[in-house]
Amino acid sequence: MTLESALAFGGTQDDWAATRGRITYPTRAQVLETAFFLSRAVPGNIIEFGTYQGYSMRVLRDELWRAKVWDRRQRGKRLYACDSFEGLPEGYEHLASGTFATPVPKLRGVRIVKGFFDASLTPELAAEVGRVSLAHLDADLYSSTVTVLDWLGPLLGPGSLLLFDEFLGEDPAEARAFAEWCEKQGIKVALLALFGREPSGKGDSSDRRALYQIVGDQRIDKPAPLTPDRWRRRLSSTW
Ligand SMILES: C[S@@+](CC[C@H](N)C(=O)[O-])C[C@H]1O[C@@H](n2cnc3c(N)ncnc32)[C@H](O)[C@@H]1O
């Protein structure tokens, strides 16, 4: 994946000011649910970089809890939320450094890793987290995304999913960090989806969330429907 190809494919030309309210982009929760759904077929834990008050982590947690009822392969999966909770360490687009500073949210069932990534993402944490099935990268900044990807790389395996929240915008910082990392690591990735989204930065054009998957040499099964077929048949026959 090169930055040129990401920009050419997902360039953000939509005029947000002109189309606002007339385009039904998928919500953040729907995008997270899609990423989670696909990650069910992949072994490993779920980790987020950039948690703020915990909105996205609650969506992922609730999806995992729901999946655990039906799908026993999900039962051993753990959730990690990494953030300084002191806000952005540098300015990003129109956001000043310190934006998103917040008390640590209460997230039942989630292991919170508090601290700036360059100090908190340690080899000990890597050993604890182990294989990752889904990583949600939502730290906005180029420098933070570089730090995350360098730490995360060895924990990814065939089929691991990477969801970027602010992949392309006026400043495609996450895309730049990811393109450089792919080139440096020689890792093969596939773009599964680009989702239009409202601008989170200073711009008047829409931004993009991006969902990538690591391409390995193993087959990945399709995730089974969450409700077993026999239940779905029974439910649909009652309507
Ligand atoms: C856009 S917010 C995350 C939003 C969150 N996912 C949600 O659902 O509301 C970005 C977060 O990244 C964190 N962050 C950015 N760079 C960081 C770094 N180098 N170390 C730790 N946290 C960082 C900020 O503290 C901030 O809370």
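A nonpolar core is taken here as a set of buried Ala, Val, Leu, Ile, Met, Phe, Trp, Tyr and Cys residues joined through C-beta atoms within 7 Å. In this predicted model, the largest such core holds 49 residues. The members that touch the most others are A35, C82, L134, L137, V148, L161 and L163. Strand 5, residues 156-168, supplies the largest share of this core, with seven residues.

Seven strands line up in the order 3-2-1-4-5-7-6, making an open sheet with mixed pairing. Strand 3 (110-114) and strand 6 (189-197) sit at the edges, each pairing on one side only. On average, neighbouring strands are turned by 15° against each other, direction ignored. Strand 1 (residues 45-49) runs parallel to strand 4 (residues 132-137), and five bridges join the pair. Within that pairing, F49 has L137 of strand 4 as its bridge partner. Helix 8, spanning residues 173-185, packs on the sheet and touches strand 4, strand 5 and strand 6. The direction of helix 8 makes about 150° with that of strand 5.

Around it are 19 residues, of which G50, Y55, S56, A139 and S144 come nearest. Sorted by class, this shell comprises nine nonpolar, seven polar and three charged residues.

How values were computed
Residues are numbered from 1 along each chain as its sequence is written. This is a predicted model: local features need pLDDT of at least 70, side-chain atom pairs count only at pLDDT 80 or more; totals for chains, interfaces and linings use all residues. A residue is near a molecule or strand if its C-beta atom, placed from the backbone, lies within 6 Å of it. Ala, Val, Leu, Ile, Met, Phe, Trp, Tyr, Cys and Pro count as nonpolar, Asp, Glu, Lys and Arg as charged, and the others, Gly among them, as polar. A residue is buried if 20 or more other C-beta atoms lie within 10 Å of its own, exposed if 12 or fewer, and partly exposed in between; C-beta atoms are placed from the backbone. Helices (H or I, at least four residues) and strands (E, at least two) are DSSP runs, numbered from the N terminus. Two strands pair if DSSP finds at least two bridges between them. Axes are lines fitted to C-alpha atoms, for helices over the stretch in contact, and angles run from 0 to 180 degrees between N-to-C directions. Two residues are in contact if their C-beta atoms, placed from the backbone, lie within 7 Å.
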